[in-house]
Amino acid sequence: MQFHHHGYVSGDPRVKPAAGVGLDRPAELPDEVDVLIVGSGPAGMIAAAQLAQFPNVVTRMVERRPGRLAIGQADGIQARSVETFQAFGFAERIIAEAYRITEMCFWKPDPADPSKIVRTARPADDPTGISEFPHLIVNQARVLDYFAEVAANGPTRSVPDYGYEFVGLEIADEAEGAEYPVAVTLAHTSGEREGQQRVVRAKYVLGADGAHSRVRAAIGCTMKGDKANHAWGVMDALAVTDFPDIRTKCSIQSEAGNILLIPREGGHLFRMYVDLGEVAPDDAGRVRQTTLDQVIAKANAILHPYTLDVKNVAWHSVYEVGHRLTDRFDDVPTDAAGTRTPRVFIAGDACHTHSAKAGQGMNVSMQDGWNLAWKLGHVLEGRSPESLLATYSAERQVVAQNLIDFDKEWSTMMAKKPEEFASPSELEDFYVQTHEFPAGFMTQYTPSLIVGEAAHQDLATGFPVGKRFKSAPVTRVCDGNPVHLGHHATADGRWRIYVFADAAPVRDGSAAAELADWLASSPESPLAATPEGLDRDAWFDVKLVTQQPHTEVDLGSVPSVFLPHVGPFGLVDYEKVYAADPADDIFEVRGIDRAGAIVVVRPDQYVSHVLPLTAMAELASFFAPILRSGERQPATA
């Protein structure tokens, strides 16, 4: 964490100085806003937290509840989400309070006595070490609390506006040129003004208002898909039991049905998804009337010979598995894509619904919100053209379809009877072989405005273009500290340009030094788009990684673009120069060519491009359509 560059900080450094619209933020919801977020679930909260880092963007989030969520339905936090929490600054704190999944136990009927269950397998949760971060279980409400804290501590001092319900919206014709083209009607849901309506005008609207989204209906999107005609009872319970793996994630198959057991944070609470069996086509929702006592009785039947004495239930529900998806994630009809600017977007459950078995709902929703939020910030602050916004629906709709395809297969297998499997180990084999998907690492964006072609992928095979930037250990040169390279990339809205140097020392004449000179001085450099008056690293975070040990790197000869002056005092930022760790060489573990490479990473941590150190023209060509038009300044450090 870096601070003091604007002067001495004696308090919590996570609380950033108020700036821009945060200096005089009105308590009352204003009549005009840049971004109106409807719904304070995972997608909405992460979007608010990201947009709070853009000081001049007026973002407000409305929520029909009178206050914070007390008990959330989602609880699985995949490793990709914990990487995201690291970028927002609270990974360590949420890890400390969460339950950590390290393995999964599989229980099946005992061949000697099928009326009883026995443990048959115990595979590791992450057998390949796909991330340095763990797979966690923690209440969704706590995740929202942390994002709300980030938003409140951001420059804009963003907090939710509780007690407002979305009623409808109208979008002005683009030809009218309205500055705030979306008129949103809201209704007060509590207090003296309950039932009263008002209109808020916005430049953009994000509907993160759940599976029954009114925003989705307002823009003419419909959910398409089907139900699997299988019901599950779910409960968060405190119980006394003799089942030995009650504190381990388990898949339990018995002659009486199936259970997915997930221990919860705190050492005592656990969640059980209890198989209620097939649902008749003409059930008409009657299965949802299954009582809690019936769910508990079913759980005991499945667990035989073990017993479950439930003492307290914090939350429970009955649901049918459904897999549904919208054909687009914004207000532009599919046949009109590219002809006008999208103004209204939807995210999370408003776009895609599926079972809870793969633990993906909250995780994918957060990536929806982050994907869109930095793009809105860039467009509204004038960094990028409006065409950037069209990439949101194009990217996330494909991800949601892949999720539904995976979840159909996984939830179907979870509902099978033991005798229906082709082999005794089929379920656990599938769990191990597909672990990368539920961990959140199969997303790979295809070439677009913000993702380049993988023509030079061989220069950095461990950083696949379109996939998330997978961190690795390095040594910080200025102080010799071992750090993770990706952990310094905070959710501040900046692009990252990682320069992996060739074997020569980084000084005059080396390939990395020539690239540095071009980045700092050429009008074609992306850094030249940074407006006058801002720090030269305000839009682009340029980092250097050398092949030499840190003791052999002379900071005095390192080009100034890697040591920018920041803040009102022009202090030098020394934390952008790194060296390969001799014990865990990043060039080896990420397949980086010894001739060096440029790795470009988006603000949401996905790799946009891999290029040779000499590819200045290609780098300029990639960024030219992304950056704002206008006079470009030499990017001197």
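Phe 243 is buried, with a relative accessible area of 2%. Buried means under 20% relative accessible area, exposed means over 50%, and partly exposed lies in between (1.4 Å probe, protein chains only). This is a predicted model, in which local features need pLDDT of at least 70, side-chain atom pairs count only at pLDDT 80 or more, and totals for chains, interfaces and linings use all residues. Residues are numbered from 1 along each chain as its sequence is written, and side-chain values use heavy atoms, with hydrogens and water left out.

## Aromatic pairs

The structure holds 24 aromatic pairs. Rings of Phe, Tyr and Trp (its six-membered ring) pair if their centres lie within 6.5 Å; planes under 30 degrees apart count as stacked, over 60 as edge-to-face and the rest as tilted. Phe 243 pairs edge-to-face with Tyr 306, at 5.6 Å centre to centre and 75 degrees between the planes. This pair links distant parts of the chain, 63 residues apart. Phe 243 sits in the loop between β12 (224-241) and β13 (249-254). Tyr 306 sits in the loop between α6 (292-303) and β16 (308-325). Helices (H or I, at least four residues) and strands (E, at least two) are DSSP runs, numbered from the N terminus.

What else lies in the loop between α6 and β16? Thr 307 is found there. Thr 307 counts as partly exposed, at 45% relative accessibility. Thr 307 and Phe 243 are 64 residues apart in sequence, but their C-alpha atoms are 6.9 Å apart in space. Pro 305 belongs to this loop too. A cis peptide bond joins His 304 and Pro 305, with omega about 20 degrees.

Back to Phe 243: its relative accessible area of 2% makes it buried. Another edge-to-face pair is formed by Trp 495 and Phe 622, at 6.2 Å centre to centre and 85 degrees between the planes. Trp 495 is in strand β21 (residues 495-500), while Phe 622 is in helix α12 (residues 616-623), 127 residues apart. Trp 495 counts as buried because its relative accessibility is 1%. Phe 622 is buried as well, with a relative accessible area of 8%.

Rings also gather in a group. Ring pairs link Phe 85, Phe 88, Phe 90, Tyr 146, Phe 147 and Trp 370 into a cluster.

## Salt bridges

Side chains of opposite charge can pair when their charged atoms come close. A salt bridge is a side-chain nitrogen of Lys or Arg within 4 Å of a carboxyl oxygen of Asp or Glu. The structure holds 44 salt bridges. Here are some examples.

| Residues | N to O distance |
|---|---|
| Asp 31 and Arg 198 | 2.7 Å |
| Arg 142 and Glu 97 | 2.9 Å |
| Asp 492 and Arg 496 | 3.0 Å |

The side chains of Asp 31 and Arg 198 meet in a salt bridge. The pair links distant parts of the chain, 167 residues apart. Asp 31 is in the segment before β1 (32-38), and Arg 198 is in strand β11 (residues 197-207). Asp 31 counts as exposed, at 52% relative accessibility. Arg 198 counts as buried, at 15%.

The side chains of Arg 142 and Glu 97 also meet in a salt bridge. Arg 142 lies in helix α4 (residues 140-153) and Glu 97 in helix α3 (residues 91-97), 45 residues apart. Arg 142 is partly exposed at 29% relative accessibility. Glu 97 is partly exposed at 26%.

Asp 492 and Arg 496 are both buried. They belong to a network of salt bridges, which also links Arg 494, Asp 537, Asp 541, Lys 543, Asp 573 and Lys 576.

## A covered helix

Is helix α1 mostly covered or mostly exposed? Helix α1 (residues 42-51) is mostly covered, with ten of its ten residues buried. Among them are Pro 42, Met 45, Ile 46 and Leu 51.

## Positive phi angles

His 4 has a phi near 80 degrees, a positive value in a residue other than glycine. His 4 is placed in the segment before β1, and it is partly exposed, with a relative accessible area of 34%. Arg 157 is not a glycine either, yet its phi is positive, at about 55 degrees. Arg 157 lies in the loop between α4 and β8 (161-162). With a relative accessible area of 25%, Arg 157 is partly exposed.
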